[in-house]
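Let us ask what stands behind the labels.

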Amino acid sequence: MADQQIPGLDPTATPSGTGCVECLAREGWWFHLRRCAACGHIGCCDSSPGQHGTKHAREAGHPLLTSFEPGEDWFWNIETDQYYEGPELAPPTAHPASQSTPGPQDRVPQDWEQQLH
């Protein structure tokens, strides 16, 4: 699908930070990060304990998410369960390569793999 046909996508919206907004506020941790394609909100993926990326998408009515992981450039619509191709978004397009995955490093429990969804 061509990017101009994707509703709710704002390629000029900048990321809200380098980590999940809610996890950072609550001293939580994440597995992978997702970026809202409408407003730039950074939330954690659905495998993470908080699942904040999808929660934001539903609550804000912004169904289009993209990866905020280095080397990934897909878009996902949570309402249609479809992948899309889209335009390059405002930088940065991923968290810093030096940032741990999962992260943040000092908050990840030793049994993190057992806590994934």
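Two strands count as paired if DSSP finds at least two bridges between them. This model is predicted. In β2, Gly-43 is the bridge partner of Arg-34.

Q: What makes β1 and β2 a pair of strands?
A: The bridge count. Pairing needs at least two bridges. β1 (residues 33-36) and β2 (residues 42-44) have three bridges, in the antiparallel sense. So the two strands qualify as paired.

Q: What lies between β1 and β2 in the hairpin?
A: Five residues separate the two strands. Gly-40 sits in that turn, with a positive phi of about 90°.

Q: Why is Gly-40 called buried?
A: Buried means under 20% relative accessible area. Gly-40 has 0%. Gly-40 is therefore buried, and its place is in the loop between β1 and β2.

Q: How far apart are Gly-40 and Trp-74 in sequence and in space?
A: They are 34 residues apart in sequence. From C-alpha to C-alpha, the distance is 15 Å.

Q: How do you know that β1 also pairs with β3?
A: The same test applies: at least two bridges. β1 and β3 (residues 64-67) have three, and the sense is antiparallel. The pair therefore passes. Arg-35 has Thr-66 in β3 as its bridge partner. Arg-34 stands opposite Ser-67 in β3.

Q: Which way do the residues of β1 point?
A: Leu-33 and Arg-35 point one way. Arg-34 and Cys-36 point the other way. All four are buried.

Q: Which residues of β3 point one way, and which the other?
A: Leu-64 and Thr-66 point one way, Leu-65 and Ser-67 the other. All of these are buried.

Q: What makes β3 and β4 a pair?
A: Three bridges, in the antiparallel sense. The threshold is at least two, so β3 and β4 count as paired. Leu-64 stands opposite Asn-77 in β4.

Q: Why does Asn-77 count as buried?
A: Asn-77 lies in strand β4. Its relative accessibility is 10%. The limit for buried is under 20%, so Asn-77 falls in that class.

Q: What distance separates the C-alpha atoms of Asn-77 and Ser-16?
A: It is 20 Å. Along the chain, Asn-77 and Ser-16 are 61 residues apart.

Q: Why is Cys-44 called buried?
A: Cys-44 is in strand β2. Its relative accessible area is 1%. The C-alpha atoms of Cys-44 and Thr-101 are separated by 11 Å. Those two residues are 57 apart along the chain.

Q: What kind of peptide bond joins Thr-101 and Pro-102?
A: A cis bond, with omega about 0°. Pro-102 lies in the segment after β5 (82-84).

Q: What is omega for the cis bond from Gly-103 to Pro-104?
A: Omega is near -10°. Pro-104 lies in the segment after β5.

Q: Why is Glu-27 called exposed?
A: Exposed means over 50% relative accessible area. Glu-27 has 62%. Glu-27 is therefore exposed. Its place is the loop between α1 (21-25) and β1. Glu-27 also has a positive phi, about 60°, although it is not a glycine.

Q: Why is Gln-51 called partly exposed?
A: Its relative accessibility is 24%. Buried needs under 20% and exposed needs over 50%. Gln-51 falls in between, so it is partly exposed. Gln-51 is in the loop between β2 and α2 (52-60). It has a positive phi of about 50°, yet is not a glycine.

Q: Which residues gather in the patch of negative charge on the surface?
A: Glu-72, Asp-73, Glu-85 and Glu-88. Asp and Glu count as negative.

Q: Why does Asp-73 count as exposed?
A: Its relative accessibility is 65%. Asp-73 is in the loop between β3 and β4 (75-77).

Key: Residues numbered from 1 in each chain as written. Predicted model: local features only at pLDDT ≥ 70, side-chain atom pairs only at ≥ 80, totals over all residues. Heavy atoms only, no water. Buried < 20%, exposed > 50% of the residue type's maximum accessible area, 1.4 Å probe, protein only. Patch = residues over 30% accessible without salt bridge, like charges linked within 9 Å, V, L, I, M, F, W, Y side chains within 5 Å. Areas by Shrake-Rupley, 256 points an atom, 1.4 Å probe, with all protein chains shown as cover. Salt bridge = Lys/Arg side-chain N within 4 Å of Asp/Glu carboxyl O. Charge placed at Lys NZ, Arg CZ, Asp CG, Glu CD.
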